[in-house]
Amino acid sequence: RNGEIQVYYQPIYYAWTGEIALAEALARWFSGEFGSISPAKFIPTLEESGYITKLDYHVYQTVYNLIEKRRKEGKRVVDIGVNLSRMDLMDKHIMDTILGDMKNSDLPSGSISYELTESAYAGVSEDGNSFLTKMHEEGTKLLVDDFGSGVSSFSTIRDFDFDILKLDMGFVQKIGLNRKNNNIIISLIELAHRLDLKVIAEGVETKEQADFLRNYGCDYFQGFYFAKPMPQEEFEALLDKQS
Ligand code: C2E
Ligand code: MG
Ligand code: MG
């Protein structure tokens, strides 16, 4: 209501061309009272109190408006991922609202994609599952966030139809430091490709990490080495520069 929550955008780059391929929308809270607060702090609190669905819907609408605006202006735009909490998949109201919005939307399907963690998929209810299936059938891309960090289960990746696997930054940041870690990454990229999934490496901070990942076929990069999450105006300026 006070406009203290802002949506930042972090570009995601093609591994080979260095062009912006996609982006992720990330919530930022600039509190008049407490200053800037990290999502790692306020997201869990919103999940506990049930308000997370309101935040996620706000982020979704903001992203929708940005894509619609740039399309109307005839400017370049990329598909943008919105984070969904496991709580959203327990809330029939928000799921029905998003499905309804998508049916009435003028945007090409796939313009907005959804990022969910493995544990959100693993614990999904019947309603949540049917929501994800419907969204996917309509062309919405589904991403597995933080892959490898939580309750990874091969049956989850077998049983759900995802499009993109986001390799957790815990693996990316240990590249070159641990032989087992390197081999897990190589195997995960191969596994993903065998399942027709693309791979985004999260948290790429160095050239060495990017080179290693590119050599082993990683499709996309997201991380401070390329760009930090930024306000909408900056993100738009970056897109304008590349078009
Ligand atoms: P996430 O979805 O895995 O988002 C990626 C996080 O990694 C972001 O943290 C981003 O700023 C950070 N990051 C990106 N590149 C690098 C890098 O090179 N190095 C390091 N150290 N970090 C990097 P952020 O923005 O603090 O968000 C934390 C988490 O909060 C997100 O993790 C996501 O789970 C949650 N979150 C953020 N916005 C939303 C939202 O609108 N809705 C929901 N439900 N969750 C959100
Ligand atoms: Mg995410
Ligand atoms: Mg992540």
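1. Donors here are N, O and S atoms within 2.8 Å of the metal (3.2 Å for Na, K and Ca), and water is not among the atoms, so sites may look incomplete.

2. A caveat: this is a predicted model, where local features need pLDDT of at least 70 and side-chain atom pairs count only at pLDDT 80 or more, while totals for chains, interfaces and linings use all residues. Residues are numbered from 1 along each chain as its sequence is written, ligands are numbered from 1 in the order written, and side-chain values use heavy atoms, leaving out hydrogens and water.

3. Is Glu202 buried or exposed? Glutamate 202 is buried, at 7% relative accessible area, while aspartate 146 counts as partly exposed at 25%. (Buried is under 20% relative accessible area, exposed over 50%, partly exposed in between, with a 1.4 Å probe and protein chains only.)

4. Now the neighbour. Aspartate 145 bridges ligand 3 and the magnesium ion (ligand 2), and the two ions lie 4.0 Å apart. Ligand 2 is coordinated by Glu24 (OE), Asn83 (OD1), Glu115 (OE) and Asp145 (OD), at 2.0 to 2.2 Å. Glutamate 24 and glutamate 115 are both buried.

5. Glu24 also turns up among the residues that isoleucine 80 touches, as do Tyr9, Val63 and Phe235. (Contact means heavy atoms within 4.5 Å.)

Note on methods. Lists of a residue's contacts leave out its neighbours within four places in sequence.
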